[in-house]
Amino acid sequence: RCKEPGCGKAAAKTSTDLCAKHGGSKLCMEPGCTKQAITHGVKDRCMAHGGGWRCKEPGCGKAAAKTSTDLCAKHGGSKLCMEPGCTKQAITHGVKDRCMAHGGGWRCKEPGC
């Protein structure tokens, strides 16, 4: 646990015994960004600033899942919604094979919701 008094969050795997918020891990090198830097793919940046694995499709540069393809969802790196004409990523929990807009994911159990 983080040694910062009153914190209780998990400590980063560093010698500081602090969580990311209290300086236990490397932050994004983008000026003014306080997000945690990614430790795989493009390093030293958060996902919003180009860190992590990036799509290998020429000219794309979007975040990519680490799969055998190294592509973003749009270029075939993950399963797409099964709704005809939809190019959004399919949800992998609850109702699968559809994006949230087409009924994918977990749904509220309240009748009529």
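1. Glu83 is partly exposed, at 28% relative accessibility. Here buried means under 20% relative accessible area, exposed means over 50%, and partly exposed lies in between (1.4 Å probe, protein chains only). Glu83 forms a salt bridge with Arg98, with the closest N and O atoms 2.7 Å apart. A salt bridge is a side-chain nitrogen of Lys or Arg within 4 Å of a carboxyl oxygen of Asp or Glu. Arg98 is partly exposed too, at 24%.

2. A word on the source. This is a predicted model, in which local features need pLDDT of at least 70 and side-chain atom pairs count only at pLDDT 80 or more, while totals for chains, interfaces and linings use all residues. Residues are numbered from 1 along each chain as its sequence is written, and side-chain values use heavy atoms, with hydrogens and water left out.

3. How many salt bridges does a search of the whole structure find? The search finds four. Side chains of opposite charge can pair when their charged atoms come close. Lys79 is exposed, at 54% relative accessibility. Asp97 is partly exposed, at 28%. Another links Asp44 to Lys26, with the closest N and O atoms 2.9 Å apart. Lys26 is exposed, with a relative accessible area of 52%. Asp44 is partly exposed, at 29%.

4. Look next at Ala90. Its relative accessible area is 7%, so Ala90 counts as buried. Contact means heavy atoms within 4.5 Å. Not counting residues up to four places away in sequence, Ala90 touches Lys79, Leu80, Cys81, Asp97, Arg98 and Cys99. Ala73 sits 17 residues from Ala90 in sequence, and their C-alpha atoms are 9.0 Å apart.

5. Arg54 is buried but has no salt bridge. Glu30 is the nearest side chain of opposite charge, 11 Å away. For charge, Lys and Arg count as positive and Asp and Glu as negative; His and the chain ends are not counted. What lies 2.7 Å from a polar atom of the Arg54 side chain? The backbone oxygen of Gly51 does. The backbone oxygen of Gly61 is 3.1 Å from a polar atom of that side chain. Leaving aside neighbours within four places in sequence, Arg54 is in contact with several residues, including Val42, Met47 and Asp70.

6. Now the cysteines. The structure holds zero disulfides, a disulfide being a pair of cysteine sulfur atoms within 2.5 Å. Cys19 is buried, at 2%. Cys33 is buried as well, at 13%.

7. Last, the overall form. The protein has zero helices and zero strands. These are DSSP runs, numbered from the N terminus: helices are H or I of at least four residues, strands E of at least two. The radius of gyration is 19 Å, whereas a compact globule of 113 residues would have one near 13 Å. That radius is taken over C-alpha atoms, and the globule rule is 2.2 Å times the number of residues to the power 0.38. Of the 113 residues, 25% count as buried.

Key. A polar contact is a pair of N or O atoms within 3.5 Å; within protein, one must be able to donate a hydrogen and the other to accept it, and residues adjacent in sequence count only if both atoms are side-chain atoms.
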